[in-house]
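Have a look at the model below before reading on.

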Amino acid sequence: MPLLLSPLVARTLHAPLLPASASAAPHTSRLRALGSKPRGCSLAVVSEKQAAAVVTEKSLVGEGSDEGGRYDAIVVGSGIGGMVAATQLAAKGARVLVLEKYIIPGGSSGYYRRDGFTFDVGSSVMFGFSDKGNLNLITRALAAVGCKMEVIADPSTVHFHLPGDLSVLVHREYDDFVKELVSKFPHEKQGILKFYGICWKIFNSLNSLELKSLEEPLYLFGQFFKKPLECLTLAYYLPQNAGDIARKFIKDQQLLSFIDAECFIVSTVNALKTPMINASMVLCDRHYGGINYPVGGVGGIAVALANGLVEKGSEIRYKANVTNVILEKGKAVGVKLSNGKEFFAKTVISNATRWDTFGKLVKVEELPEEEKNFQKNYVKAPSFLSIHLGVKASVLPAGTDCHHFVLEDDWSNLEKPYGSIFLSIPTVLDPSLAPEGHHILHIFTTAGIEDWEGLPRKDYEQKKELVANEIIQRLEKKLFPGLQDSIVLKEVGSPKTHRRFLARNDGTYGPMPRDKPKGLLAMPFNTTSIDGLYCVGDSCFPGQGVIAVAFSGVMCAHRVAADIDLEQRSPILDTGLLGVLRWFRTLA
Ligand SMILES: NC(=O)c1ccc[n+]([C@@H]2O[C@H](COP(=O)([O-])OP(=O)(O)OC[C@H]3O[C@@H](n4cnc5c(N)ncnc54)[C@H](O)[C@@H]3O)[C@@H](O)[C@H]2O)c1
Ligand SMILES: CC(C)=CCC/C(C)=C/C=C/C(C)=C/C=C/C(C)=C/C=C/C=C(C)/C=C/C=C(C)/C=C/C=C(\C)CCC=C(C)C
């Protein structure tokens, strides 16, 4: 597998960076258009000047005033959901303002640098980054603003290390994966083929559609007309969960637990609670387009989108903490920042979680019915304890895979806090992320905020050290003898860290069904019960995941564009469809 590193990568990676520990100051700042045509927008291929412009104070011009007048859309937050919505709208000709509380774009898909190491804040497993089909949503989002990132093909998705010494490597080639799984469960060959076969049926249906807003009737009916079988297939599986379908074909309890683990790593819940459409999307895209890592790190995606947005004549301001959505006669017309500054727009799109949007940003006396329904069906998924390590390269055996999932002895620990361990070693694919002779280990495990609140500073620091060391010891025992002694850099983040730096309510990873859900039926789309206010990101259909929030950004931009007359619309059909969808959600 070739390592596609350009000489520019090394240089860009050493561009000055703001420390992750810098806190967001309560004043706004503004990134102006860089003036030159984009030559490519990834961290790996932008010029040093462009990359630095996004992440250093050089880009932060003045206090920012609304000298340009009303915008078409204000996007609160620059996570991938917010950035995709913003760039899609800008590409359609809208004038957009993104307001980000932190100092760089990306939210949970951001990055930080320490002593020559470039760490991904969140997941390093990237779906949707291939050059084929319709579901390569990250590639497409970048292309919409004239950007393309160099990627490195990962030969596998994840190496599972499970109870009973069950070891399964998910190969990039589907046939190799099935062969490996059947070799562990030969008596379940037919069940395996049937379950994953249904996943392919759903994936192929999804991949045949042009993906836009399911809340826009002209598009939706058009797709039903062009691809009736595929749309009916999706409608049929929309209210179903992966675990129920697996149980129709598979009896072996250990294999069903393996499918739970397959779902858990992307949904933080077992297969019985994971919507079948979401499971199919990830269980097939990893073989269809494959998992591809962006050269220079995941943080480059948001940086590229921010550059692309500015090139399209829109704006992004950092250190801009939105505290209020301004309502006029019940319609969202703008936002207010913590420094009192106000901005106005035809529409407001919130990339904050729904709990934050309706709990903090929108000041209404009573929660709208839609949101009550959302909170009835979904709770906040746990947060993570994350450990970023710089280690000596010699500790990793030759041929070590990039991503691992470890659950040692007991299947019942799968969903328990600290029960299982996620590990990514992105330097296996892109060595430029670490100084020569070193690797990055990004280790994370689920953890609730309640374990970490109310501790005096010293106890909090000690607890982080203690819990992190236990996790490292578990990995040392299971995978890498000598790990502890090989560490040259260690940064530990708790759920409180996620809450503080990613502005996520209780540090949550996203919504998780309260009970067994009816597939995706209850998940709200982008419109809200407040006129002019839209939500985007992982508390919208289809849920958690970088590619999932990218889809929510595409859907949101389409619906907003129709509402501000940049796309075709039919007000009568709109009212009808939105009413029907609202009714569907009450059935869940
Ligand atoms: N550590 C992890 O692996 C981890 C943790 C959480 C979420 N995730 C994943 O990340 C993705 C989430 O993407 P997303 O697009 O929904 O959101 P996001 O959380 O990545 O980004 C939201 C952005 O909005 C900003 N923001 C929030 N409130 C704001 C306010 N009041 N004013 C200004 N800015 C504000 C935040 O600073 C952040 O940059 C999902 O894939 C989720 O599953 C990963
Ligand atoms: C409207 C109605 C009602 C009906 C109609 C019918 C139809 C047409 C339908 C349609 C539908 C659609 C289009 C849908 C779509 C969907 C989608 C796109 C989805 C997607 C999804 C995705 C996902 C979920 C993803 C996820 C991912 C994730 C989360 C990831 C993660 C990762 C991690 C964490 C990592 C791991 C690590 C290790 C292991 C180390």
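A quick word on classes: Ala, Val, Leu, Ile, Met, Phe, Trp, Tyr, Cys and Pro count as nonpolar, Asp, Glu, Lys and Arg as charged, and the others, Gly among them, as polar. With that in hand, and bearing in mind that this is a predicted model, the shell around ligand 2 has 26 nonpolar and 7 polar residues, with no charged ones.

Let's stay with ligand 2. There are 33 residues around ligand 2, and I265, V266, M281, L423 and Q544 come nearest. On its own, ligand 2 exposes 1000 Å², and the protein buries 96% of that. Which elements give two or more residues to the shell? Those are the helices α7 (217–226), α8 (228–237), α10 (253–267), α11 (276–290) and α18 (546–563), along with the strands β15 (403–406) and β16 (421–424). The largest share, 4 residues, comes from α11.

On the annotation side, UniProt (an unreviewed entry) places the feature "domain: Amine oxidase" at residues 80–560. In the model, that span is 39% helix and 21% strand, and its end C-alpha atoms lie 17 Å apart.

Now for the helix pairs. Two packed helices are described by the angle between their axes and the distance between the axes. Here are both pairs:

| Helix pair | Angle | Axis distance |
|---|---|---|
| α4 (137–144) and α12 (299–311) | about 30 degrees | 9 Å |
| α7 and α19 (571–587) | roughly 75 degrees | within 9 Å |

Angles under 35 degrees count as roughly parallel, so α4 and α12 are roughly parallel to each other. On the α4 side the contact is made by I138, A141 and L142, and on the α12 side by I301, A304 and L305. By class, that contact has 6 nonpolar residues, no polar and no charged ones.

Angles from 65 to 115 degrees count as roughly perpendicular, and α7 and α19 are therefore roughly perpendicular to each other. Here P217, L218, L220 and F221 of α7 meet L573, D574 and L577 of α19. This contact has 6 nonpolar residues, no polar ones and 1 charged.

Last, the backbone. Most residues other than glycine have a negative phi, and most peptide bonds are trans. Where does P542 sit? P542 is in the loop between β20 (533–535) and α18, and a cis peptide bond joins F541 to P542, with omega about 0 degrees. Then there's D165, in the loop between β6 (156–162) and β7 (166–171). The phi of D165 is positive, near 55 degrees, in a residue other than glycine.

Terms used. Residues are numbered from 1 along each chain as its sequence is written. Chains are lettered from A and ligands numbered from 1 in the order in which they are written. This is a predicted model: local features need pLDDT of at least 70, side-chain atom pairs count only at pLDDT 80 or more; totals for chains, interfaces and linings use all residues. Side-chain values use heavy atoms; hydrogens and water are left out. Axes are lines fitted to C-alpha atoms, for helices over the stretch in contact, and angles run from 0 to 180 degrees between N-to-C directions. Angles under 35 degrees count as roughly parallel, over 145 as roughly antiparallel, 65 to 115 as roughly perpendicular and the rest as oblique. Contact means heavy atoms within 4.5 Å. A residue is near a molecule or strand if one of its heavy atoms lies within 4 Å of it. Accessible areas come from the Shrake-Rupley method with a 1.4 Å probe; for residues, only the protein chains shown count as cover. UniProt positions are given in the numbering used here, feature names are shortened, and annotations may be inferred rather than shown by experiment.
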